[in-house]
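Hello,

Here is the structure I promised to pass on to you. Please have a look at it first, and then read my notes below.

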Amino acid sequence: MKQTFSRVVVKGGVLSPAELKQILEIAEGAGLDTISFGSRQDILFIKEDGDFEIDPQDKFQIISPEEEGAENIVSSYVSSDILSNTPWLTSDRYLYILEQFRAQPTLKINITDPRQRLVPLFTGHINFIASEHEDYWYLYVRLPHWESNQMYPALIYSWDLAKLAAAIEDLLQEEPETVEFLFDLVNDAGDFNNRTVDKPLEVPFHPFPYYEGINRVGSDSYWMGLYWRNNKYYIDFLKALCDLCSDCRIGKISITPWKSLIIKGIVEKYKLEWEKLLGKYGINVRHSMLELNWHLPVNNKSAIKLKKYLVSYFDKHDISTYGLTFGITDYTRKAYYFTSIIIEKNEPAIQLDGVKIRSTYNLLHAKNFDPNTQEYIVYVQEVDKSDLPELLIELSKIYFEQLGQEKNVPEKPTKPKEQQIKEAYQCRECLTVYDTSYGDLSQGIPADTSFEDLPDTYHCSLCEAPKSSFVKKKFVKQPE
Amino acid sequence: MNSKKKIKTTCSYCGVGCGIVAEVNAQAKVSVEGDQEHPVNGGMLCSKGMNLHYVVNDTSDRILYPEMRWSRSHPRERVSWDDALDRAAAVFKSLIRKYGPNSVGFYISGQCLTEEYYIANKLTKGFLGTNNIDTNSRLCMSSAVVAYKKTFGEDSVPISYEDIELADVFLIAGANPAWNHPILFRRLEKHKEKNPNVKVIVVDPRKTDSANFGDIHLQLIPGTDIILYNAIGRRLIEMGFADDNFVKDHTENYQAYRKQVMETSLKDAAELCGITVEEIKEVAGLIGNAKGFISMWAMGLNQSAIGTDKNFSLINLSLLTGKIGKPGNGPFSLTGQPNAMGGREVGGMANLLAVHKDLANPQHRQDVADFWGVDGISPTPGYTATEMFDALASGEMKAVWVICTNPMVSLPNLANVEKAFANAKFVVVQDISHRSDTVAYADLVLPAAGWLEKEGTMTNSERRISYLAKGINPPGEARPDVEILCDFAKRMGFRGFNFTNAEEIYEEYCAMTKGTNIDISFLNYDRLKNEGSIQWPVPEYRHPGTPRLFADKKFYTPSQKAIFNIPAQIQNTSEKISAEFPFVLTTGRIRDQWHTMTKTGKVARLRTHYSHPVLEISQLDGYIYKIKEGDVVEVKSKNGVVRVRAKLSKNIRNGVVFLPMHWGKQLENDLNRANNLTFTRVDPQSKEPDFKYTTVSVTKYQKPKENIIVVGAGAAAFRFIQNYREHNSTDTIQVFSKEPHPFYNRVLLPEYVTEELTWEQLQKIKEAELSKLKISLQTNLSIEKIDPENQKVTDSNGVEHSYDKLVLATGSRAFIPKDAQLDLPGRFTMRSRGDADKFKNYLDSTQLPSETQHVAIVGGGLLGLELAAALQHTNVKVTIIQRASRLMERQLDLVSSHLLSLDVQERGIHIYFDNEVSTVFDDPASKSLNITLKSGKIIQANAIVYAIGTQPNIKIAKENGIICSRGIKVNKHLQTNYPNIFAIGEIAEFENQLFGITSAAEEQAAILANFILGDISSTYSGSVLMNILKFKDLELCSIGDIIIPENEEGFEEIVFTDLSRRYYKKCIVKDDLLIGAVLMGDKSEFAEFKSLIENKIELSEKRKSLLMGSSETRPVIGKLVCSCSRVGEGNIQEAIAGGCSDFSALCTQTGAGLGCGSCKTEVREILNNSKVKV
C-alpha cells in the first residue's frame, strides 16, 4: 500500500536492538533514509516528497494514519534504572506487564511510575500509575468522550492490567459517563484482584530531567540519550547503533515521549566504543537544555519554526529553563497537555481575501509548574508571536521564584466528602438520639422503625424520659 | 528559638519518681535521659523509664478526637468537643435529677496529676454531691493507707529514700522491687555492696529476683503473713528486743498485741507458714540487733482479704522495737503508681477528704465545704472501685466516668466488669490510647493529653512533690485532663472551675493545706521549678521540706501515740483450696511491663524479656499434673478461665501458680486475661481486692481429638506437623502430597543436580523419624476439591476425606513463560525432585563431558544463580538470560547487585541483561538448542532452564469459595474465611502480602500449630523478607527493606564498603529501628540484624556501633536477660566459662546490667549457678 506517513507500534516504548534493526530495514526497503519518533514512544516513517510502500508485516504493527484506534502503550520503562522509581517497579516488571498486552489496544494506555518525570502520567485514556503497594496500580481513566481524568476507585493488580484495559475497551459502547459506573460494569464483566485505595496518589515533584548524552549511573555503568533537533534519525547510524548494542550485550533500547532514544546498561569497558560511534557519525550529544525540554506536534513545520525562534531568543539572552518543559499545540484539548508551559496557537480568524492575518497565541502554565497537577492556568491570551519570548521569560522567572518554596499541601484529589446531614429525634433531657436507621436495641426496636411508629410507651433509652420529650433535629456528621 | 529544648520532669511509671531530662528537638521528637541531679535516681533510669520517649513519639495508638455514641444503638462516631461535653453534661444532669447524685461516679487513676485529682474530687464531692469517686490506687495500696492512718493517725509515710543508705536490715515483704521499683532497689544493692554487713530478708511465696538478691528468703505459704510477723514479734519480745521505753511512752494497746503474738508458738507458726523455726529466730535476731530497720512492702501484703491486718502485723514490728522516727528506720510502703500519694493528699478516694481530713468527721466535712463555697459534703462514703462496678452491674449506678485507667483488664472478675459496662447507661472514657480495652465499652471517648503534653505536679512514695513541665503539644484534639474536667463542670453550671492554668488549681489546693499536717502552703510552682522536688510538709517560708516524720515521737493520733492495731484474725479469710481448685493463684507484674501495657506494650524492646503471658508452676506440680514446659494449660476458677502456656519453675512454691496481670484481650479473645479468674472479695477495712489469692485448678488443655488434613508436603507442612506433634500425639494427621517425594529441602535442588549433595542430604526427615510423627502420608495424591460446608476434601482418586481442621500448604509452582515448550526435550524448570532428575538424566544422556555442556538459565534470581553456580562448579558452561538490568534486583541494591554480577561473571558465567528469549529451536545437527534472544543474539546450548519465579498454587482454594487475592487471604491466626481452614507458606496472603520464603513458611507453621493446639496468644504479624545466596565462597544476604523511599523523611543509610574486596554492608534505619540490611563479604551479623529487624527492637545505643565490626556486635544467646544492652543468658554463661568470675567484671564484659541494672540479680544468679556446677 502507498502512503506518506506510518506509525510502527513499539509497545511501552521499549524494543530490542534486533527488533529496531528489523524496523530500520523495513524503512530502508520503503526507500526512507530517516525515521522519526512519536510522542507515544512509537516510531514514525515519514516521506515528505512522495509515497512509499511497505509490505504488510507479521512481526510489527505498522499503522497508516487513516487507521483509527490503534494506539501505542506508553510506559516509563525508559526511566527505570536511571531515574528515581517506586522500589518494587523494576525494569523487568514492566516487561512482564507489557507482555500481558497481547492485543493491540484501541485506547491510549499509559503505564507509569509516579516518581519519574520523563514520561507523562495522565496523557492516556487509561493511565495506570504505580502505587506504593507492590504490584498495585492506581488507575486514572479519561474515556474519549470524557472531559477529565477520574480516579478508578480501586488499585489494580499488575497481572490484571491488560485484562482490565481490555474489559474497559469492551465496555466503550455502553458509553459509561462516570468512573463509578465504569467500575461496576468492569466488575460485572470479570474477576479482578483489586485492592482498596488506602491513600490518594501522591506524585512527588521533580524538575524535568536532562535526557541526553552519556551519563554515569551506579559504579561502572552508563546510559546514553540521543536527541535529534529535527526528529529525523539516520537509518545507517541507527543500524550501526543496533550492532554495537548487540556487541555490548545490551538488550533493550527505549524511546522517550520527547522523540529521543535512550540506551541503558553500557558497561565501563565499552564506553569508548560508544564515543567512537558518535564521533564517527558526527553526532552531537551536547544540545542545550533550552531545546531538549520542548514538545512539538509531529512534523509540524510552523511549530518547529516557532520553537527555533524562541530557543534562539532564550539563548541570546542567556535564559535558563532547566526543570521546565514547553509544549506548542494547535488545538485546545487540555487533557493532552503534559508540559509545564503550553503555547497554544489560536485558530486564525476568518480569512479576509488577500489579507494575511497573523496568528495569535495563548500562554498557559500548569499549577505550580507541575503538569501532574493536571490543572492549567491561563497566563495570557491572544498575544502576538513577538511578545512570546518576553512573556516566557517572565514565566520562567515565576517558576524559579516558587521553586522550593513551601507548597500548600495539595488538597487530596479525592472528591470532597459531602457533608452528611441526617434527621433524627433527640431527647431534650439527656441529648440521646433516636435514629430510624439504628432503631433501639435496648427496647427491642428493630432498625428502620420510624419515630412515628414507636409505641407511646417508648422512652429515652438512657434517662427514660417519655417519647414526648424527643424533638426532631438535624445532625451534621463530622468527617472521620 | 532554640531547635532543642530540655525539660526536667518525672517518670510517669511507678511511685519511685525518678527525675528525667527530656529533650525535644525541632521536629518535636522527644528523647529522655535520667536527671543526674535528681535526689531520687541520680541519673539512673530503669528499662521502662529509659524507653519512655518511644511511647511519646509513637502516636499511632493515640485517641485524637472525641468520639460518641448518640445512643447505645448507634455506632461510635467522631464528634466535636462541644457536642461531646454538652451531651455529657446533659446526661449527668438528667441522671442526677432522676436518680440522685449517687447514680453517677468517677473512676480515676494513680497516674492522674495532683491538679487533676483535686479537680475531679472537687467536682464530684463538692458539686455533683456524691462521694462516688475512687481510683485504681484502691487496687494497689489502700490497705497500706488504712494501716498508716490507724497506726499514726494519718496516711503519712514516715521515711525517705535516704534512710535506705542509713539502715542495715531490710525486710522486703510481698514485693519484688528488683523488677517493680528497680531504681530504688539499685540504691539498696549499692548500699549492700558498700556495706556487706547489711542484711536483706525477703518474704515471698515466689523466688523472685529480689529474693535471689536477699540474704534470707522466707518462701511462705500464701496468706500466712500475719502469723509470720506475729511470730517474729513474739521472738523479739522473748529475746528482750522490745524497746520498752518507746512502747510505754509513745504507743497504745501494747498489751493486746503481746497477748495475740503469744497465742501462737514459734513451732506452730513455722509450720503454718511453711518455713522453719530457725528462720523465724534468725530474722528476729537480725531485726532486734539492727541499728536501722526498714520494712518495705507492696501488693503481696496489700492485695489481700486481710491486707490491712497484714500491714498492721508488719508495722507493729517497727513500733515494738521503737525503730521509727530515727534515721534509717521505719515501715515503708512502696507505691506502684507515680502519683498515688498525691491523689490521697487531695482526698482522691471514696472515703477520703482533701488534705487528710476525715469524711466521717462533720467538722472536717464542713471545713472542706466552706473552702469550696458549697453547702455541704455528703457524709456517706462513696462506692469504692469494686463496689462501683457492682453498683453499675446492679443498676444502682447509671453512669461512670473513667479517667486514665483500664478497668477492663485491671479489675478482678472481669466478667462482672463487662456486665457492669453493658448495664451502665452512660460510660465516659477519658484516656490517651486506643490500646486500652476499656475504650471499646465507652459511649463517650475523650482524648486526653499524655505525659510531657501538659503541666502539673506529682508526689512520689517518699512524699516528694515534683513539677512536670509541658514539652510538646498533645496530638489531634486531645486536651489536658484538668481542662476537660473544668470545661465539663462549667457546662454543668458549677462555679469555682474558672481556672486559666494548672498553677491556679495547685495554688487553691495549697491554700487548703495551710495549718494541716501536710501543709505545703509555702511550696509554689516557682520553687518547684527552681529548686526541684521537695518533700512535704513545707509549712514555712523557705522551708527546705521534711525528709523524716515523727522525729519528735509525736504522732497524729489524738493521744499523739502510735497505736498497736491488732489483726482481727491471724488466718487468711480467703477461700480455702479444695479438690476442685487445688492451687493458689497469685498475680503480678513482670519486669519490663507496667499495668495494662497501653504504654510499655508499644515499645518492642520491652516485649522481649517476657513476651507473652505464661503460667508459672512448680516443677513438682508440673510432674504431678503431667504438664510439660510449653504445654497449653487451662486455669479455671469459679469466675472464669484463662488459657496460656505453662512455664515450669523452680522459683515458685508447690501448690502456688503465678500469672502476669498485664494482658487484655487478644483478637477478641480474652483467654490471656488473668483477671478473668480473680475474685471480687475485698479486705473489709481497705476495700482492696484479694488479687494475690485465687483458688484455681490447672489442667493441661484437652483439645477434643481432631482429624487434621494437611495438603502439601513442603517446608511449611513439615514444620507444622513437627511442632504439632511436640504437644499432641492423639489427633490424626493426614498428609496429601502431590509429589512422590515428601519433605525435602527444595532450595538445595541445584546441589542435588550436580551431585554435590545426595538425596538423603536433602530430606528433612528420615524414614524412622517420620514414623514417629504418626502421620498418614499419601504421596502422588492431590486434593482436587474442598467442601468447606461439610468439611470434606476429595482427592485425585475421587475419594472423600472428612476433616476437622484443614491446613493448606500447597506451595507454589514454577512460573513458565507462555511460549516455553516444556514438553519438548531440553527445556526444564527446577522446582521438584522430578524436575531435577529429568534435567540430570538429560544432561547425562548427552554423554558429553561436563566441560563441553552448555546450559542456558532464564532468570537471574536466587534459584537461577544458585543453579548456575552449582553447574559451573562441575565445569558446565552456563549462560544466564536476565530480563532485568541487574541480578536479584528486588533483593539487592545497586551496589551489591553490581558486585554480585562481577563475582558471577568472574566465575565464568555469562549474563545477558535486559534480555529475553525470543525463540528456542532444536538444532538436529548438533543435537542442541538454538536460543535466539530478542536482542538478536543466538546462543547454542544443550538445555534451557526456566528459573524465573514462582506462582502460588491457590486454584483449589479459589474454586471452592476460599477468599483469595494473589494468595489465600489469612488473618492473624492464619485462618481463611472458613475458621477451620488455614493456609501457610507461599500461598498465604497476610495483610496484602505474600511471603515466599522458607523462614516465613516455618514461622507461620509454628504459629499455626500452637494456635490449633489452643494457644490463642499465638498470632502471626508478618515476616521480614530475607534472602541468603548460597555461594560457596561468597557471603551475601539481604534482610528487610533495603531501599530508602525517596522524598520520605526519617531514613538513614549506614554504609560500609570495600569494593575491591567485595565487601559491602548497608543498614537502613528509620525512627531508631533497623528496617533493612545488606551484608556482602561477611554476614556474621546476620542473626543479630535479623532479630533487630524482626522484633522491631529500638536501636538506642546500638545505633552508634551498627557497622563497627563484629566484635562489638554479638547475637543474643539464650534467654534474654538484659534488655538494655541486649545480653542473653548464653552470652553470660559464655563469659563465665571464659574465666570471668567477678560479678562487676562480668557485667562490664558482657554489657549486662550496665543499663538500668534491673537484670543484675538475674546475672548474679547465673554466675552463682555456674559456680555451683564447678
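Cys430(A) is buried, with a relative accessible area of 0%. With a relative accessible area of 11%, Cys14(B) is buried.

Please keep in mind that this is a predicted model.

Chain A

Chain A has nine helices and 26 strands. Its C-alpha atoms fill a box of roughly 100 × 50 × 50 Å along the principal axes. Of its 480 residues, 54% count as buried. If you take the contacts in chain A between residues at least 6 apart in sequence, 65% of them join residues at least 24 apart.

Where the chains meet

Here 60 residues of chain A are in contact with 48 residues of chain B. The area buried between the two chains is about 4,700 Å², and carbon and sulfur atoms give 47% of that. The interface of chain A and chain B holds 21 residue pairs in polar contact, counting pairs with both residues at pLDDT 80 or more. On the side of chain A that touches chain B, the elements giving two or more residues are helix 1 (17-29) and helix 2 (91-100) of chain A. Helix 2 gives the most, with seven residues. That side of chain A divides into 22 nonpolar, 17 polar and 21 charged residues.

Five salt bridges cross the interface of chain A and chain B. One salt bridge to look up is that of Arg97(B) with Glu429(A), where the closest N and O atoms are 3.0 Å apart.

Helix 20 of chain B

This helix is worth a visit. Helix 20 covers residues 481-491 of chain B, and eight of its eleven residues are buried, so it is largely enclosed by the rest of the structure. Among the buried residues are Val482(B), Leu485(B), Asp487(B) and Phe488(B). After the helix comes Gly493(B), with a positive phi near 90 degrees.

An α-helix has 3.6 residues a turn, so residues three or four places apart point the same way. Asp487(B) is buried at 15% relative accessible area, whereas Arg491(B) is partly exposed at 22%.

Other salt bridges

The count over all chains comes to 78 salt bridges. One of them joins Arg673(B) and Glu418(B), with the closest N and O atoms 3.9 Å apart. This pair links distant parts of the chain, 255 residues apart: Arg673(B) is in the loop between strand 25 and strand 26 of chain B, and Glu418(B) is in helix 19 of chain B. Arg673(B) counts as buried at 1% relative accessibility, while Glu418(B) is partly exposed at 25%.

Enjoy exploring, and write back with any questions.

Best wishes

Note on methods: Residues are numbered from 1 along each chain as its sequence is written. Chains are lettered from A and ligands numbered from 1 in the order in which they are written. This is a predicted model: local features need pLDDT of at least 70, side-chain atom pairs count only at pLDDT 80 or more; totals for chains, interfaces and linings use all residues. Side-chain values use heavy atoms; hydrogens and water are left out. Contact means heavy atoms within 4.5 Å. Buried area is the accessible area (1.4 Å probe) that two parts lose on being put together, summed over both. A salt bridge is a side-chain nitrogen of Lys or Arg within 4 Å of a carboxyl oxygen of Asp or Glu. A polar contact is a pair of N or O atoms within 3.5 Å; within protein, one must be able to donate a hydrogen and the other to accept it, and residues adjacent in sequence count only if both atoms are side-chain atoms. Helices (H or I, at least four residues) and strands (E, at least two) are DSSP runs, numbered from the N terminus. Ala, Val, Leu, Ile, Met, Phe, Trp, Tyr, Cys and Pro count as nonpolar, Asp, Glu, Lys and Arg as charged, and the others, Gly among them, as polar. Buried means under 20% relative accessible area, exposed over 50%, partly exposed in between (1.4 Å probe, protein chains only).
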